[in-house]
Amino acid sequence: MVFKNIFYRTITSLLLLLIFGFFIFYYDIYIKYLGYLIYFIIFIELIFYFRKNIYIFLISSTYLFISLICLNVYFNQFYIKEEFLYVILLVIVFDITSYIFGSKYGKLKILPTISPNKTYFG
């Protein structure tokens with residue numbers, strides 16, 4: 001089976017890991033602002049993709065806002081750079097592994113209208 005996006009997903013994940021690693025080890029005090037920038041980009045995508053469905057937009061924005069508050073509390077009270085890098089690495093590995101197993105073994109789709117290639121196995 002040919003994985004069409006595996007190369008791009010791997011490169012993107014490694015690039016994000018390097019950016020986060022660079023910020024964590026050299027500019028530790030600015031990692032919070034990198035997280036805020038990512039949240040801002042996600043919010044712009046929400047506006048772009050769900051501008052016609054206000055109900056989904058409001059639910060997604062509320063979820064995003066609550067997770068942003070949790071991220072802020074984490075950075076202000078519990079942040080340890082080695083643990084944070086470990087969590088980022090775990091998320092990247094989990095994402096790549098889910099993509100590989102889902103595209104290879106997954107047949108039953110979860111929500112084809114929202115995410116056409118997402119399967120229960122992945």
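These legends accompany several close-up views of a predicted model. Residues are numbered from 1 along each chain as its sequence is written, and side-chain values use heavy atoms, with hydrogens and water left out. Local features need pLDDT of at least 70 and side-chain atom pairs count only at pLDDT 80 or more, while totals for chains, interfaces and linings use all residues.

**View 1. Gly21 in helix α1.** Welcome to α1, residues 6-26, where Gly21 lies (helices are DSSP runs of H or I, at least four residues, numbered from the N terminus). Gly21 is buried at a relative accessible area of 11% (buried means under 20%, with a 1.4 Å probe and protein chains only). Its C-alpha atom is 6.8 Å from that of Leu85, 64 residues apart along the chain.

**View 2. Ser60 in helix α3.** Ser60 sits in α3, residues 54-78, and is buried at 18% relative accessible area. Leaving aside residues up to four places away in sequence, Ser60 touches Leu46 and Phe50 (contact means heavy atoms within 4.5 Å). Other buried residues of α3 include Phe57, Leu64 and Phe75, and the cover over the buried residues includes α2 (31-49) and α4 (81-105).

**View 3. Helix α2 against α3.** Here the two helices pack at an angle of about 180°, their axes 11 Å apart (axes are lines fitted to C-alpha atoms over the stretch in contact, and angles run from 0 to 180 degrees between N-to-C directions). α2 and α3 are therefore roughly antiparallel (angles over 145 degrees). Among the contact residues are Tyr39 and Leu46 of α2 and Ser60 and Leu64 of α3.

Technical notes:
Buried means under 20% relative accessible area, exposed over 50%, partly exposed in between (1.4 Å probe, protein chains only). Angles under 35 degrees count as roughly parallel, over 145 as roughly antiparallel, 65 to 115 as roughly perpendicular and the rest as oblique.
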